Amino acid sequence: MALLAIGAMLVGAAGTYALSQGDGPADASAGCGGPSIVVAAAPEIAPVLSEVVADAGCDQISVQAEAPALVSARVAAGKDAPDVWVPDSSAWARRAAVSAPATPQPLVQSLATSPVVLVAAAGRVPASWSAALADDGLVLGDPLTSAPAAVALVAAVAEAEGAGTDPAATIVPLAQARAGDRNDRPDEAGLGTLGGNDARLTVASEQELLASAQGFRARVPAAGTMLLDYPVLLTTGEERRADIDATTRTLVRLLGAGEARDALAQSGFRDPQGAPRGDGVGKVAVLPASAKQVSAVLETWARLVLPSRTLAVVDVSGSMDFDAGGRTRMELTTAATRQGLGLFPDAAAIGLWAFSERLDGETDHRELLPIRRLGAQVPGGTQRDALGAGLAELAALTGGGTGLYDTTLAAYRAVQADYDPAAANSVLLFSDGANDDPGSISLAELLAELHELADPRRPVRIIAIGISADADAAALRRIARSTGGEAYIAEDPADMATVFREALGSRRG
């Protein structure tokens with residue numbers, strides 16, 4: 001997946017060539033000799049580079065405009081990689097370097113920069129990244145393939161953390177809304193999607209904004225933004241690098257000359273230090289996000305945009321009728337679950353079980369609804385409607401003890417038996433107490449069974465939500481983590497809605 005540049009070359013500056021800082025023309029007498037090379041450059045900067053090498057008469061340097069995400073995949077695979085690569089973000093190099101046979105070597109740390117901005121054709125531009133991502137008129141590319149889109153996502157999360165608010169409230173609704181419809185939106189949004197009187201908004205670089213000459217309205221939220229930094233990377237195989245050294249040195253010399261800097265500036269780019277332009281958005285604050293933080297946000301996004309296939313398993317033992325500040329634990333749980341359902345698109349598949357002790361004959365659980373797409377038509381409406389009705393039934397089922405362990409094992413088996421390889425398969429387990437079914441398996445036996453059933457080709461995660469301080473937090477954590485999931489405890493049942501969002505944010509594909 002794409003990672004974002006945060007101002008520093010991710011591979012380190014060792015081995016970089018120094019850019020010429022002379023103001024005069026590139027010295028043609030230095031020659032353009034050497035083997036021919038191919039330079040793959042981000043589409044917005046490729047025309048400038050082509051002009052620079054053409055003006056110098058260097059026919060052996062061929063510049064091709066290619067999307068960074070596509071080149072990154074080729075570099076990572078070590079197949080059909082260009083000799084030199086100029087992506088919009090140096091973080092693409094980090095991603096490619098994880099598996100690339102030849103580690104990308106920086107030739108120039110940053111050729112130019114451009115801040116990412118919020119843009120609208122008409123109407124008001126939101127004052128914050130969080131507000132922009134919540135706007136129904138937002139046109140956003142895929143953060144996993146578009147650096148500007150990823151900046152918007154990471155910036156919104158950083159903004160929420162800085163304000164002390166819940167980042168999951170920002171990322172989960174947007175990601176869930178995108179789940180299942182990835183083919184219906186452009187990988188790259190940008191200004192080309194906006195019309196003259198369009199009330200929608202998007203994200204773009206300042207360079208794209210200046211190059212458009214459309215008079216769009218732009219803004220950088222007070223929290224700050226990130227800069228695209230356009231490194232120059234040597235990405236050919238190790239055996240070829242020495243052979244093309246003369247040509248790559250010529251390329252670096254040309255890119256450091258005054259003509260190249262002037263051409264980049266005329267095309268709307270900032271200098272490598274990010275100095276404000278008179279015709280741009282002015283001085284911007286750079287968000288203090290680390291590469292690790294960026295990676296964590298995008299990994300979460302990658303999990304969340306997978307379609308969901310989830311079995312919700314809700315405790316209906318007698319203690320769920322206990323008061324929790326004017327409402328019962330069951331009322332708070334069903335209210336939070338209803339709210340959570342609103343985060344899932346119609347493509348998500350969700351089923352519902354209830355459990356206590358011998359709820360259905362000798363069985364601790366009862367299936368209220370099988371797993372079906374929320375948009376699927378069922379008698380009386382859709383699966384989403386049926387789930388709403390099923391949640392309303394839970395209060396009438398309360399009573400008895402907590403048959404936690406037998407139910408957990410049965411739910412895991414049920415999801416695994418009907419596994420969907422194109423979705424994130426999970427069990428969402430709600431419980432407010434410890435297992436107290438005298439006839440059930442033990443915790444040790446449950447963990448052993450889950451370990452035996454685990455199949456890395458068909459992963460099913462248990463996401464456990466403990467309701468109140470009475471929940472067996474230790475057991476829930478051991479159960480969830482044994483499947484690669486996590487447990488979340490709402491010691492105050494009134495916090496259920498927040499905990500539910502956090503649980504959704506932990507989901508893994």
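In which sense do strand β3 and strand β10 pair, and over how many bridges? Strand β3 (residues 84–86) and strand β10 (residues 232–234) pair in the antiparallel sense over two bridges, where two strands are taken to pair if DSSP finds at least two bridges between them. Within β10, L234 is the bridge partner of V84. Helices (H or I, at least four residues) and strands (E, at least two) are DSSP runs, numbered from the N terminus.

The model described here is predicted, and for this reason local features need pLDDT of at least 70 and side-chain atom pairs count only at pLDDT 80 or more, whereas totals for chains, interfaces and linings use all residues. Residues are numbered from 1 along each chain as its sequence is written, and side-chain values use heavy atoms, with hydrogens and water left out.

Strands β3 and β10 belong to an open sheet of five strands, which has the order β2-β1-β3-β10-β4 and mixed pairing. Its edge strands, each pairing on one side only, are β2 (61–65) and β4 (105–108). On average, neighbouring strands of this sheet are turned by 30° against each other, direction ignored; the axes are lines fitted to C-alpha atoms, for helices over the stretch in contact, and angles run from 0 to 180 degrees between N-to-C directions.

Helix α1 (residues 46–55) contains A46, which counts as buried because its relative accessibility is 3%, the term buried meaning under 20% relative accessible area, with exposed over 50% and partly exposed in between (1.4 Å probe, protein chains only). Although A46 and P87 are 41 residues apart in sequence, their C-alpha atoms are 9.7 Å apart in space.

Strand β11 runs parallel to strand β16 (residues 424–431), to which seven bridges join it, and L311 stands opposite V427 of β16. Seven bridges also pair β11 with strand β12 (residues 349–360) in the parallel sense, and here A312 has L352 as its bridge partner.

Together with helix α12 (residues 329–341), strands β11 and β12 make a right-handed β-α-β unit, the crossover being right-handed if, with the strands pointing away from the viewer, the path from the first strand over the helix to the second runs clockwise. Strand β12 also pairs with strand β13 (residues 363–373), in the antiparallel sense and over seven bridges, with R366 of β13 as the bridge partner of A354. The two strands β12 and β13 form a hairpin with two residues between them, and G361 in the turn has a positive phi of about 70°.

The axes of α15 and helix α16 (residues 473–481) come within 10 Å and cross at roughly 15°. Helix α15 is therefore roughly parallel to α16, a description applied to angles under 35 degrees, while those over 145 count as roughly antiparallel, 65 to 115 as roughly perpendicular and the rest as oblique.

In the loop between α15 (443–453) and β17 (461–467) lies D455, which counts as buried because its relative accessibility is 15%. A polar atom of the D455 side chain lies 2.9 Å from the backbone nitrogen of R457.

Definitions and conventions: Polar contact = N/O pair within 3.5 Å; in protein donor to acceptor, adjacent residues only side chain to side chain.
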